[in-house]
Amino acid sequence: YDNEEEEISQSKFTENTEPQGTFSNPIPAYRSMVVKDLQKDDPDLIVLKTWLKNGTKPTEDIDRASFSENLLHYWQMFEHFCLSKDDLICYKYYMSQSKKFKE
């Protein structure tokens with residue numbers, strides 16, 4: 001084999017170095033079902049998903065003392081979450097190059 005041909009053929013098997021769950025390396029369908037099941041079993045994420053489906057979080061005047069530490073964090077970061085088309089809770093992040101939010 002010519003070194004160039006060998007390099008090209010090896011590059012086809014190179015593992016994607018992007019974090020799994022990004023646009024260039026999405027979570028495989030079977031794994032998204034696992035994540036969905038795990039989210040369905042987490043009491044704090046059940047509450048967050050309800051907020052997301054309603055399109056709003058509880059207002060400032062509610063008693064947040066009853067919130068768990070995680071739920072309080074989700075409440076504070078509510079605007080950064082969304083639901084995917086597969087009904088998964090996703091975190092939006094800002095891409096400075098595109099100036100758009102991504103899931």
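In helix α4, which spans residues 69–76, the buried residues are L71, Y74 and W75, where buried denotes a relative accessible area under 20%, exposed one over 50% and partly exposed a value in between, computed with a 1.4 Å probe on protein chains only. Helices and strands are taken as DSSP runs, the former of type H or I with at least four residues and the latter of type E with at least two, and are numbered from the N terminus. The model is a predicted one, in which local features need a pLDDT of at least 70 and side-chain atom pairs count only at pLDDT 80 or more, whereas totals for chains, interfaces and linings use all residues. Residues are numbered from 1 along each chain as its sequence is written, and side-chain values use heavy atoms, with hydrogens and water left out.

The buried residues of α4 pack against helix α3 (43–54) and strand β1 (81–83). For Y74, when neighbours within four places in sequence are set aside, the residues in contact (heavy atoms within 4.5 Å) are D44, L45, L48, W51 and F81. The largest nonpolar core consists of eleven residues, namely L45, L48, W51, L52, F67, L71, Y74, W75, F78, F81 and I89, a nonpolar core being a set of buried Ala, Val, Leu, Ile, Met, Phe, Trp, Tyr and Cys residues joined through side-chain atoms within 4.5 Å. Two or more residues of this core come from each of α3 and α4, and α3 gives the most, with four residues.

Four salt bridges are present in the structure, each defined by a side-chain nitrogen of Lys or Arg within 4 Å of a carboxyl oxygen of Asp or Glu. One of them joins K40 to D37, with the closest N and O atoms 3.6 Å apart. These two residues are three positions apart in helix α2 (residues 29–41), and so are separated by about one helical turn; K40 is exposed at 52% relative accessibility, while D37, at 37%, is partly exposed.

A further salt bridge pairs D87 with K49, again with the closest N and O atoms 3.6 Å apart. Distant parts of the chain are linked by this pair, since D87 lies in the loop between β1 and β2 (89–91) and K49 in helix α3, 38 residues apart. D87 is partly exposed at 24% relative accessibility, whereas K49 is buried at 14%. Both residues belong, together with K53, to a network of salt bridges. The side chains of K57 and E79 also form a salt bridge, at 3.9 Å from N to O, which connects the loop between α3 and α4 with the loop between α4 and β1 across 22 residues. In this pair, E79 is partly exposed, with a relative accessibility of 46%.

The structure holds zero disulfides, a disulfide being counted where a pair of cysteine sulfur atoms lies within 2.5 Å. For C82, the nearest cysteine sulfur is that of C90, 4.9 Å away, and C90 is likewise in no disulfide.
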